[in-house]
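Subject: Structure handover

Hello,

Please find the structure below, followed by notes on what was found in it.

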Amino acid sequence: MHLDHDHHHGPVALSADAHRPDGSRRALRIGLGGPVGSGKTATVAALCRALRTELSLAVVTNDIYTREDAEFLLREAVLPPERITAVETGACPHTAIRDDISANLEAVEDLEDEAGPLDLILVESGGDNLTATFSKGLVDAQIFVIDVAGGDDIPRKGGPGVTTADLLVVNKTDLAPYVGSDLARMAADAKAQRAELPVVFQSLRSGTGVADVAAWVRERLAAWTA
Amino acid sequence: MSRAALLVLADGRFPAGGHAHSGGAEAAVKAGRITGAADLEEYCRGRLHTAGLVAGAFAAAAVLGADVRELDAAADARTPSAALRGAARRLGRQLLRAARAAWPSAELDALAREFPKGAHQPVVLGVVARAAGLSAVDAAYCAAYESVSGPATAVVRLLSLDPFEATGVLARLAAEVDLVVDRAVEAAREAVEEAGVDALPAASAPLSEIGAEWHAGWAVRLFAS
Ligand SMILES: Nc1nc2c(ncn2[C@@H]2O[C@H](COP(=O)(O)OP(=O)(O)O)[C@@H](O)[C@H]2O)c(=O)[nH]1
Ligand SMILES: [Mg+2]
């Protein structure tokens, strides 16, 4: 929303405004959602490692009731502490990323003010259900992370995350033989739900797929800054 | 302007961050002071006559044109807990963001510029109510009602309390909300017309300030305050 066209003297932005109060272009914001334990935080960590030498990055986590995701990222030292913020969600991450995004907007703006300039902010949502999606007022693109151990029928069942996310990541492919998940079937079902929208099969254990997810992020960033 | 703007502003779904705060209820539940609907009612009654009265008077005074800086400083002086001062400012900032989208106005933009990290929520609420074309009474109603509706909703999540019981608590408190709003608006008028912001109500509940500091130190909690 552009209430104030003179960005140089305007107050703070409202929501998806592409510019900061000083007129510069804000960082690209990418949301990561998906069920609990599918590997969202691990994917955030892998993306930070893959991109931190070429991009200026920050992360916002939305935990359900702890600061565990933020603390994991701090412990793993994927980014300096001033680049990681935990938003408290009143036990409802889906509210904080979709219905009332005000605390997350504050977090991304404060990161840009205090740790910026930034190219990219990753916003992770603590998983609470399959229908949680990010508001367009908060992020520019979203990644939905599911895993093969959560059941190979999740792509078939669909739901807004699986169907509409800009990128679907099917994680933990290394576990497929042990849990009896049929990767070919998951790929076919995802294709049926998503048509041309991309899907990456990833294993953070073996490292496969991480480069593809990072390449997708780079493409989004190129489009954002073009 | 439309009176229905009051419904928009007072709607629990107004996207201003309130859903992540329990109004002190999480600490009170953990301390064993709220265990069911009866305790919840007493808790809300206490809050209404302390935090609710003060917030209502501040919101009304802001509508009536009291100086926002003075009001913000006076709200600080009435909030000993640093955790609560922080929460009040964060909520003020979040409210202002939503309100600037809902009721675009130069006054709200100026407030955002003057307080980039937020002013106390009831003060912002008053300025917002004015931008929405609402009265001092309307603003005081919003503030007083919020002081009880926040904890009631939070306790539904914290104790899995029957939501009908929680709503019953709010309905039973309605007449008292009317009373508190009358007192808040009268105090605001007096303060704005002659006595100054120092004369605004300063009712407090030390246990909620202590509870807020305790709560802020927990590693695991559902609500931000
Ligand atoms: N085997 C296997 N485990 C993984 C993979 N990715 C993540 N995990 C593990 O899955 C668990 C949950 O990951 P996490 O990133 O915290 O999930 P989140 O709840 O979606 O953020 C952790 O123990 C990770 O180490 C993977 O590709 N393969
Ligand atoms: Mg996580």
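The ligand site comes first. A nitrogen atom of ligand 1 sits 2.8 Å from an N or O atom in the side chain of A:Asp174. Taken alone, ligand 1 exposes 580 Å², and the protein buries 73% of that (accessible areas come from the Shrake-Rupley method with a 1.4 Å probe; for residues, only the protein chains shown count as cover).

On conventions: this is a predicted model, in which local features need pLDDT of at least 70 and side-chain atom pairs count only at pLDDT 80 or more, while totals for chains, interfaces and linings use all residues. Residues are numbered from 1 along each chain as its sequence is written, chains are lettered from A and ligands numbered from 1 in the order in which they are written, and side-chain values use heavy atoms, with hydrogens and water left out.

A backbone N or O atom of A:Ala42 is 2.7 Å from an oxygen atom of the ligand, and a polar side-chain atom of A:Glu124 is 3.2 Å from an oxygen atom of ligand 1. There are 16 residues around ligand 1, of which A:Gly37, A:Lys40, A:Thr41, A:Ala42 and A:Leu204 come nearest (a residue is near a molecule or strand if one of its heavy atoms lies within 4 Å of it). By class, the shell has 5 nonpolar, 6 polar and 5 charged residues (Ala, Val, Leu, Ile, Met, Phe, Trp, Tyr, Cys and Pro count as nonpolar, Asp, Glu, Lys and Arg as charged, and the others, Gly among them, as polar). Helix H1 (residues 40-51) of chain A gives the most to this shell, with 3 residues (helices, H or I of at least four residues, and strands, E of at least two, are DSSP runs numbered from the N terminus).

Next, the interface. Chain A puts 29 residues into the contact and chain B 25 residues (contact means heavy atoms within 4.5 Å). About 2,200 Å² is buried between chain A and chain B, with carbon and sulfur atoms giving 50% of it (buried area is the accessible area, 1.4 Å probe, that two parts lose on being put together, summed over both). The rule finds 7 salt bridges across the interface of chain A and chain B (a side-chain nitrogen of Lys or Arg within 4 Å of a carboxyl oxygen of Asp or Glu). In one salt bridge, the side chains of A:Glu106 and B:Arg93 meet at 3.5 Å, N to O. On the side of chain A that touches chain B, the elements that give two or more residues are helix H3 (93-99) and helix H4 (102-115) of chain A. The largest share of that side, 8 residues, comes from H4(A).

Over all chains, the salt bridge count comes to 29. A:Arg218 and A:Glu54 form a salt bridge, with their closest N and O atoms 2.7 Å apart. A:Arg218 lies in helix H9 (residues 210-225) of chain A and A:Glu54 in the loop between H1 and strand S2 (57-63) of chain A, so the pair ties together parts that are 164 residues apart in sequence.

Last, the backbone. A cis peptide bond joins A:Gly116 and A:Pro117, with omega about 5°; A:Pro117 is in the loop between H4 and strand S4 (120-125) of chain A. A:Ala77 has a positive phi, near 55°, and A:Ala91 has a positive phi, near 70°.

Regards

Key:
Polar contact = N/O pair within 3.5 Å; in protein donor to acceptor, adjacent residues only side chain to side chain.
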